[in-house]
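Dear colleague,

Please find the structure below, handed over for your files. My notes on what was found in it follow.

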Amino acid sequence: MKKQTTKSIQLNGETFKIPAGGTLGLLALGNIGVRAWKEAKAANVNDNSKEKNEKK
Amino acid sequence: MKKNKVLLIGWDSADWKVIDRLIAEGKMPTLKAMIEEGVKGKIATLNPPLSPMLWTSIATGFRPYKHGVIGFVEPDGKGSVRPVSSNFRKVKAIWNILTMEGYKSNIIGWWPSNPVETINGCMVSNMFQQEKNGSKIIEQENWEVQPATVHPERIIDKIKDLRVHPHEITLNLVSPFVPNFAKLGKGDDSNLGIISKFLAHASTVHAAATELMETEEWDFTAVYHDALDHFSHGFMRFYPPKMAHIDEVEFEMYKNVVEGAYIFHDMMLERLLGMVDDKTTVMIVSDHGFHSDHMRPIHIPQVPAGPAIEHAPYGIIVAKGPNIKKGEQIFGASVLDVTPTLLMMMGLPIGKDMDGKPLVDMFSDGRKATYIESWEKIDKFGGELVKIDGDVENDVTAALQQLIELGYIDDLNIENVNEKDRVKNIIKENSFYLAKSYSSTGLHDDALELLLEVETKSDPDYRILHEIVNCAVKTNRFALANEYLQFIRKEKILIDFHIDILDAKVQIGLNQPKEAIKLLNKALKVDNQSVIILLDLANIYNGLQMKKEALKCFNKVLALDPENAHAYYGKGLAYLRADEYEKAVEEFLNAIDRLYHFPLAHLYLGESLALMKEYEAAIGTFELVKTMMPNLPKVYRWLQDLYDLIDDPIKSRENASILGKMHLDKRTIICGLPGPKMEDALSMLKQNKVNIGKSFDVLKTQNLDVLKKDWFSQLEGDVIYLPLQYFPSLNSRNLNKFIFIKDSLEDTIEHMNKKAKIKANTFNFELMNNLNKIEESTKSWFGKQPDVDVYYLSNLDKLMEII
């Protein structure tokens with residue numbers, strides 16, 4: 001099973017969780033939301049490939 | 001001193017009916033708060049309501065036939081076609097003016113803004129978010145930023161990775177729009193792809209806008225989103241309440257899509273408002289509304305721009321800021337007013353040549369608009385179009401493909417149609433839109449000339465033929481109107497139903513009301529729910545002063561469309577003509593409440609109030625009409641008299657002086673049936689040495705061409721006796737006073753018989769019918785002239801006094 005990494009960002013004192021599948025809230029944040037989401041996706045891919053490699 | 005910033009947000013197709021519902025349900029809290037902190041209103045669109053033309057009017061303050069951006073596609077100058085671009089814009093946009101004045105702008109996604117311009121600031125064009133090559137999607141790893149879509153090039157690096165590709169949109173993101181997507185079969189999920197694309201494009205535009213707002217210095221930011229328009233064209237048919245023809249399962253599946261799109265825009269708005277300080281003025285506008293209720297069409301015409309039938313005539317305008325009123329409504333806004341208002345916000349003068357006006361009522365600080373002759377004449381650098389090097393055909397084809405998918409342009413059949421024909425078709429199509437733009441402002445001559453140039457009967461286009469007939473009627477070219485009408489009928493270019501409605505327009509133009517009524521009643525049997533037919537019918541009855549029939553039709557219209565301002569206005573007129581002034585006032589106010597910029601409703605409201613002896617209120621109303629229709633002599637005549645009545649001779653003289661400068665034809669026209677009273681009236685005028693000329697003889701002997709606009713001015717005399725048959729071709733613009741001598745049909749026939757030495761007891765039914773028709777036709781003509789005063793005289797006691 002794929003590992004789900006949930007990152008988060010801070011904006012105006014609020015914490016936004018970043019699931020790799022994204023949320024409308026993230027898209028609505030514009031630049032910071034899209035950037036954080038893309039980073040979370042990339043990190044998720046990295047984590048999964050790392051885990052895959054370790055298992056090998 | 002730090003300048004106050006302005007943020008302009010464009011939401012294509014945003015409509016109050018949807019927004020009001022969502023706000024009431026607590027689903028658009030950010031917009032709700034913004035409205036409470038500022039002003040809101042309806043914004044009138046232009047005809048034709050096509051987005052690239054409208055958004056260019058919004059960004060320039062000029063009508064399409066002046067700004068030059070027409071249609072969705074344009075010739076590329078190299079023998080082919082391309083999506084509408086900034087290349088054809090003939091006037092300066094707000095960002096050019098701001099560049100000239102040293103302000104920095106961010107312009108993101110504006111339609112059309114490709115290729116970008118080298119303005120002071122940043123520009124990201126409407127092609128930035130495109131990810132297609134023709135009908136094929138370019139995969140994310142090969143997705144390059146196209147040339148000339150970003151200015152300056154240094155910002156490409158920071159915004160290119162903020163683009164969201166449709167393939168990145170997950171089901172997690174689509175599920176708020178289609179909560180039951182899991183129930184969709186494998187072949188039924190194409191709508192999810194469409195939603196993904198709209199969402200990806202909106203997210204890209206929003207991400208670029210927020211990045212530039214956060215990292216670049218700016219005085220003005222404008223961001224345009226087409227997503228509400230696209231979501232609405234794709235899914236408004238599933239919006240509750242369910243339309244009868246919509247499948248129950250599909251309705252349940254997609255009923256939340258439009259709502260989801262509006263909610264997402266509210267979420268994006270929250271972020272934008274969070275990025276600006278209290279000193280920034282924010283304005284949201286849409287270019288038109290979108291029918292979301294029983295006005296939704298069941299069928300979309302299969303013609304280019306056919307989906308525009310779903311557009312509603314009023315969009316939204318909301319503004320808040322340090323110098324903007326709070327919690328108030330503004331009235332009378334048009335898309336043309338946005339740039340003049342922005343200039344006023346920025347403390348810059350407005351070009352007198354702009355078609356729009358500043359919305360001064362939204363400002364709380366009592367500021368006054370300042371003007372210059374024209375921004376076009378000022379020779380300062382305002383940015384220039386970025387030249388495209390190399391071949392960018394792929395990009396152009398992609399954008400064309402998107403327009404085809406949305407139904408805005410015909411499938412250009414790129415493979416099979418030769419380029420020459422494609423260009424010819426586009427020129428014809430755009431000429432049609434340009435003609436519509438002309439005729440929407442009364443320039444029917446220009447429209448007609450253009451249409452006759454592109455229309456060929458060998459390759460007929462029913463929309464163009466239809467418009468030719470309309471314009472021919474408006475310019476009194478009835479022979480031409482009939483020629484095209486007969487052609488349409490003979491070639492069966494339209495079905496009988498549409499031909500009858502068109503024929504009725506010709507008959508109304510010819511002042512043949514009974515013929516028009518017959519045709520419209522026939523059409524009504526085919527579609528008894530047609531608001532257009534019912535309104536036409538009601539207006540004819542109103543012209544004939546058939547109050548009961550008129551009110552019946554207007555009430556039917558209101559049952560179908562309770563917000564129809566024209567129906568309330570018509571009811572007001574019916575009551576006014578029946579001297580029921582209080583009821584008239586109520587109906588005119590109903591009309592104005594729904595459509596504030598309705599000068600004739602204000603005019604007749606003023607008349608009703610004056611006749612009720614509410615002089616102060618009437619004066620206030622006429623003063624307002626003056627600002628809406630400054631060239632209408634009747635208003636000045638009323639004000640001259642009303643100021644006299646309230647003992648304000650200075651103001652009375654002011655209005656008289658304006659009237660004096662209007663070069664009006666001061667002659668009185670006398671008309672009526674050729675009966676004994678008319679003969680007595682003419683004798684009375686002669687006895688009083690009034691120069692009545694010999695107009696009738698002149699028309700007959702000199703064979704004046706009554707189709708020429710100036711035929712009336714060639715007639716001599718202080719009082720003109722004008723036979724009734726000449727009324728259809730009379731231009732009332734400079735005329736003011738008509739005296740209609742009322743005679744009975746029986747007396748007239750007896751009088752005519754006597755003159756022709758026909759036996760007294762001979763009764764000619766044909767003559768009676770003809771005279772009846774002529775009399776009705778004249779009444780119908782008077783009903784269409786808002787600016788003339790008509791005195792109906794049954795006895796001649798007051799004749800000389802009136803003259």
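**A helix of chain B and its neighbours**

The buried residues of α26(B) are Lys634(B), Val635(B), Tyr636(B), Trp638(B), Leu639(B), Leu642(B) and Tyr643(B). Helix α26 of chain B covers residues 633–645, and at 1.5 Å a residue its 13 residues should span 18 Å; the end C-alpha atoms lie 19 Å apart, which agrees. Just after α26(B), Asp647(B) adopts a positive phi of about 60°.

The neighbouring helix α24(B) also has 13 residues, and from its first C-alpha to its last it reaches 18 Å, close to the 18 Å expected at 1.5 Å a residue. α24(B) is mostly covered, with 10 of its 13 residues buried. Among them are His602(B), Tyr604(B), Glu607(B) and Ser608(B), together with Leu603(B), Leu605(B) and Leu609(B). The buried residues of α24(B) pack against α22 (565–577), α23 (581–594), α25 and α26 of chain B. Just after α24(B), Lys613(B) takes a positive phi of about 65°.

**Chain B as a whole**

Chain B contains 32 helices and 21 strands. Its radius of gyration is 29 Å, close to the 28 Å that the globule rule gives for 803 residues, so chain B is as compact as a globular protein of that length. Along the principal axes, the C-alpha atoms of chain B fill a box of roughly 100 × 60 × 50 Å. Of the 803 residues in chain B, 47% are buried. Among contacts in chain B between residues at least 6 apart in sequence, 67% join residues at least 24 apart.

**Chain A and the contact between the chains**

The contact takes 14 residues from chain A and 19 residues from chain B. On the chain A side, α1 (24–28) and α2 (31–55) each supply at least two of the residues that touch chain B. By class, that side of chain A has five nonpolar, seven polar and two charged residues.

As to confidence, chain A averages a pLDDT of 79, and 70% of the residues score at least 70. Among the elements of chain A, α1(A) has the highest mean pLDDT (95) and strand β1 (residues 7–11) the lowest (78). Where pLDDT is low, the predicted coordinates should not be read in detail.

With kind regards

Note on methods. Residues numbered from 1 in each chain as written. Chains lettered and ligands numbered in written order. Predicted model: local features only at pLDDT ≥ 70, side-chain atom pairs only at ≥ 80, totals over all residues. Helix = DSSP H or I, 4+ residues; strand = E, 2+ residues; numbered from the N terminus. Expected span 1.5 Å × (residues − 1). Buried ≥ 20, exposed ≤ 12 C-beta atoms within 10 Å, placed from the backbone. Contact = placed C-beta atoms within 7 Å. Nonpolar A, V, L, I, M, F, W, Y, C, P; charged D, E, K, R; others polar. Rg over C-alpha atoms; globule rule 2.2 N^0.38 Å. pLDDT = per-residue confidence, 0-100.
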